[in-house]
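The following note sets out points for a colleague to check against the coordinates.

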Amino acid sequence: MVSFLEASNSNTVLGSAALGAGVSGATFVNASNPQLGQQLIMTVSVGDFNGDGIPDLLAMNNGTPATVFLGNGDGTFTALPSMAEGGGVAFAVADFNGDGILDLAFANNTTLTVLLGNGDGTFTAKSPALETYDAPVAITVADFNGDGIPDLAIANSGSDTVIVLLGNGD
């Protein structure tokens, strides 16, 4: 069951609905953009990766290189080449180095890789990979310590742990 609450009015319930079974194996179907329909895309994020004010997409299958799809402003997208150094099982998007350009953090089976945005939809790997992990399944970004710098939390299925990495702004 999911409920929608009005947070500014004592959490008054606005509505609720029962959740049904999930749908597996879904694919994008878009006649004007066949690249989006060629494979199952497990993780998608939205951001303005090239700074033109039009939403772009970042898509990745589990363990495969990520691809940026630049928004054309009319509901269609243009795929950039897949990132050789960007891919894994999960990713997070934020401005990790404070330059106003979105960056990426990818968790794979044992490491976390940060890619700094170049402002044109491409990224450069910050080396070396940051840590060794135990089968991460999810990564999220937030300011966990209130210093104004994005931090990362990584959920590891191999050890049933969550690791929090405090950002240092670079």
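1. Buried denotes under 20% relative accessible area, exposed over 50%, and partly exposed in between (1.4 Å probe, protein chains only). Strands (E, at least two residues) and helices (H or I, at least four) are DSSP runs, numbered from the N terminus. The model is predicted: local features need pLDDT of at least 70 and side-chain atom pairs count only at pLDDT 80 or more, whereas totals for chains, interfaces and linings use all residues. Residues are numbered from 1 along each chain as its sequence is written, and side-chain values use heavy atoms, with hydrogens and water left out.

2. Strand E9 is mostly covered, six of its six residues being buried. On one side lie Leu112, Val114 and Leu116, and on the other Thr113, Leu115 and Gly117; both faces are covered. In a regular strand the side chains alternate between the two faces of the sheet.

3. The overall composition is zero helices and 13 strands. Of the 170 residues of the chain, 32% count as buried. The accessible surface (Shrake-Rupley method, 1.4 Å probe; for residues, only the protein chains shown count as cover) comes to about 9,300 Å², of which 54% belongs to carbon and sulfur atoms.

4. How do E8 and E9 pair? They do so in the antiparallel sense over four bridges, where pairing requires that DSSP finds at least two bridges between the strands. These two strands form a hairpin with four residues between them, and Leu104 has Leu115 in E9 as its bridge partner.

5. E9 (residues 112-117) also pairs with E10 (residues 123-126), again antiparallel and over four bridges. Within E10, Lys126 is the bridge partner of Val114, and Thr124 stands opposite Leu116. Five residues separate the strands of this hairpin, where Gly119 takes a positive phi near 90°.

6. The largest nonpolar core has 15 residues, of which Phe96, Ala105, Leu112, Ile139, Leu152, Ile154 and Leu165 touch the most other members. A nonpolar core here is a set of buried Ala, Val, Leu, Ile, Met, Phe, Trp, Tyr and Cys residues joined through side-chain atoms within 4.5 Å. Two or more residues of this core come from each of E7 (90-94), E8 (103-107), E9 and E12 (151-156). A second, separate core of 13 residues includes Phe49, Leu58, Phe91 and Phe123.

7. Contact means heavy atoms within 4.5 Å. Leaving out residues up to four places away in sequence, Ile139 touches Ala90, Phe91, Ala92, Ala105, Leu112, Leu152, Ala153 and Ile154.

8. Beyond its neighbours within four places in sequence, Pro136 is in contact with Val89, Ala107, Asn108, Asn109, Ile154, Ala155 and Asn156. The C-alpha atoms of Pro136 and Thr161 are separated by 9.2 Å, the two residues being 25 apart along the chain.

9. Asn61 belongs to the loop between E4 (56-60) and E5 (67-71). Asn61 and Val89, 28 residues apart in sequence, are 7.6 Å apart from C-alpha to C-alpha.

10. Val162, in strand E13 (residues 161-165), is exposed, since its relative accessible area is 59%.
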